[in-house]
Amino acid sequence: MSGAWLLALAGGVLWSPQPAQHFTQSYPVGNGRLGALVFGGVARERIVLNESSMWSGSVENPDRPDAHKALPGILAALRAGDNPRAEELVNAHFTCAGRGSGHGSGKSVPFGCYQTLGDLELEFPGLGEAREYRRELDPRTGVVTTRFLAGERTHVREVFADRHSDLLLLRLRTDAPGALDVDVRLSRRERAQSQAHGGELRMEGRLESGQEDVAGLEWGATLRCRPLGGTLVAEQDRLQVRGADELLLVLAARTSYSGPVRGDFAGARWRSAIEQDLARVPDSRGIDARTLLAQSRIAHAQAMGRVQLELAGTPEERAALPTAQRLADFARGTPDPALAVLLYDYGRHLLLSSTRPGALPPNLQGLWAEEYQTPWNGDYHLNINVQMNHWPAETAALPECHEPLARLVEALVEPGSRTARAYYDAPGWVAHVITNVWGFTAPGEHAGWGSTNTGGAWLARHLHEAWEFSQDNALLERNWPVLKGASEFMLAALVEDPVSGRLVTGVSNSPENALRLPDGRTAHTCMGPAMDQSLCRELFRNTILVSERLGVDELFRARLREALARLAPLRIGSDGRVMEWQQEYGEPEPQHRHVSHLYGLYPGEQITPRGTPELAAAARATLEARGDGGTGWSMAWKIAFWARLHDGERAHRLLRQFLHPVGQPGFDAGRGGTYPNLFCAHPPFQIDGNFGATAAIGEMLLQSHPEREGEPPLIACLPALPGAWPSGSVRGLRARGGLAVDMQWGQSRLEWVALINKQSQPVRARLRAGVELEGHEADAAGIVELPLEPGQRMVLRRRGS
């Protein structure tokens, strides 16, 4: 791959004219397992280190074995309309045993917490004041570069996480021979020992298990120092380099994780695995750092280059401004279409960097954390957050990033089966609101948020979605036991609604939201919230489809069809909005961050403007009432909602809201938005908003879900194109049905579209281009049907263009 090709991919970089003071200003790199946050200090550099399995805690059994005995009493209270009494019973008998997540601070309890690995500290004695400073991250190559002048010398530092060698590498150099002096140290505030020996630094430790009779996770990191020229001396816990021409630092890190999630984990062999990783870089002072850097850039760029998005309209001088300034100017009304491209590319970089096949899925902070007690334990929240982390995986052409989530879901089946029996006396498997790398599937520790029981159903959607985009039938075989088990549980957990007689979920929540009864009392515990009903409907339909394609379990299929016919539908309230609950309760928090009753609009497809126009109008009214504000991830979700309603102007307005500068003078720091390094601000930092925004931008440009129940997918070009993006192009977006799509548009009209059949068999694509196409007549609904042979790329142009 040529350097010119790499340059062509550079659609924009994040950069700052000063070092980071906080990790929300630092720049992240990662190889899917190892990661780093680069601060870019001049005389003292701090690089936060991360490894995705760095979890405290341990496998436990958090189920109450007799919880199901309380279920009849809880359901009786709900049927009688006494939701507060039902909630009291849930808190008394139907939460997890033990300390659960530690109320979001679970570092020292069995649930555990994702933690920082530690810091790599570099001190440069005698280095004076920096001039012409520039710190940048190129998301297309995954490299952070810091460059500045000190005295008369140019200093360049490059940090990258290499996938091939599975190492973190730092290349340091100056433009003067023998001018590089640096002290290198590994540090961690707790549970760590560090020492220097020869040309190496080693740091090891053991995290808390949360259980007295269980050993905690062991971990270690080794850094090798490879100077070109000069001297290298080990002193206690640091390495001292003097007079080097150039320096390569190579870091390997592993843990002893061997929990229920299957993958490429070293387990008890973690020390030897570190040595094997380091052996991939020859033990030589003359190692060619340029070659390692080039190889890493190419590997990252190849994956990033699958999708290339361009939006015209940003002058070169604006695109060249520091990222924080671009954020501030955009918030004040300055047009900058290329900033949306940078956000899109950054989201793809974060996903590619935070997970990979054989590793763990990205958690609430992806891969990057400087804390020992991360917010909400840096866990996997199942009521939207871990799912949002994977929304762009398929459409943005990073399907391999879906694979670790599939293995996490498979790891929940066994403990989830125990939980289903303990709490519901039900077959199949269940997961509630939170999970971790240790297989936690019990309800949370409080009824106000912890008893939503459709976490497994939502996770099952992602397994099926991977098949929808790839059409790889091997996935159907792999996914069938998981989908069937999730459906078995939901089928057993459904009860009759006392008013309508329809089937609804029993003890549940509309995620984290409260309702107000006519007598003024409030509660969270309820029956059949709209999100649950949408998830059940989707899960049953997907399970039926897989059963039909595999030709298995006809009797179970029939039971699902019977239940589908009886499920309580989505309903429109007297105020014209989609009802969040089965009754028209009051809303203690009308602008709550979760908009869970619109799951069927996005990511589901049960609400569409053409298939269900009344529900689509009610969804619009719901969003108007909910408002445009909220946490960062909530605003990302709302961008996607408005895109699905084909309202590009409102979607772009929400994108502007999402890009509100947080952590900059003159802007509200207490609201959701975007930090200077483009991390999503909940606040605090949560990475799901980054992934949600990337997926939502994709939805504005291309959609491929069915418009009506029972119809095949429909590819819709530019369904929510805002006026702010009148000209642009995109190549490589993925669509359901095993297709890829390229497009170009100008003056807000499609100029041409290309469909590429990525399957090994012919397909018949359905396309709505929004314009008349040369040589193709659309039906009354504006749909063109197109046969494509395997590997065929069909280009269709706008008539008269």
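Does Ser417 count as buried or exposed, and at what relative accessibility? The legends below describe close-up views of a predicted model, and the first of them takes up this residue.

View A. Ser417 belongs to helix 11, which spans residues 403–424. Its relative accessibility is 18%, and because buried means under 20%, Ser417 counts as buried. When neighbours within four places in sequence are left aside, Ser417 is in contact with Gly428 and Trp429. The C-alpha atom of Ser417 is separated by 9.0 Å from that of Ala431, a residue 14 positions away along the chain.

**View B. Crossing of helix 13 and helix 14.** The crossing of helix 13 past helix 14 is left-handed. On the side of helix 13, the contact is made by Ala460, Leu463, His464, Ala466, Trp467 and Ser470. Helix 14 contributes Asn473, Leu475, Leu476, Asn479, Val482 and Leu483. Sorted by class, this contact holds eight nonpolar and four polar residues, with no charged residues.

View C. Nine strands, in the order 1-6-7-8-9-16-13-12-11, form an open sheet with antiparallel pairing. Strand 1 (14–16) and strand 11 (193–197) are the edge strands, each pairing on one side only. From one strand to the next, the twist averages 15°. Helix 4 (residues 270–278) packs on this sheet and touches strand 9 (167–174), strand 12 (200–206), strand 13 (218–228) and strand 16 (246–255). The direction of helix 4 makes about 150° with that of strand 16.

**View D. Pairing of strand 6 with strand 7.** Strands of a sheet pair through backbone hydrogen bonds, in either a parallel or an antiparallel sense. Here, strand 6 (residues 130–138) and strand 7 (residues 143–150) pair in the antiparallel sense over seven bridges. Within this pair, Glu136 stands opposite Thr145 of strand 7.

**View E. Hairpin of strand 11 and strand 12.** Strand 11 and strand 12 pair in the antiparallel sense, over five bridges. Gln193 stands opposite Glu204 in strand 12. The two strands form a hairpin with two residues between them. In the turn, Gly198 has a positive phi of about 60°.

Key: Residues are numbered from 1 along each chain as its sequence is written. This is a predicted model: local features need pLDDT of at least 70, side-chain atom pairs count only at pLDDT 80 or more; totals for chains, interfaces and linings use all residues. Side-chain values use heavy atoms; hydrogens and water are left out. A crossing is left-handed if the near helix is turned anticlockwise from the far one by less than a right angle, and right-handed if clockwise. Helices (H or I, at least four residues) and strands (E, at least two) are DSSP runs, numbered from the N terminus. Contact means heavy atoms within 4.5 Å. Ala, Val, Leu, Ile, Met, Phe, Trp, Tyr, Cys and Pro count as nonpolar, Asp, Glu, Lys and Arg as charged, and the others, Gly among them, as polar. Two strands pair if DSSP finds at least two bridges between them. Axes are lines fitted to C-alpha atoms, for helices over the stretch in contact, and angles run from 0 to 180 degrees between N-to-C directions. Buried means under 20% relative accessible area, exposed over 50%, partly exposed in between (1.4 Å probe, protein chains only).
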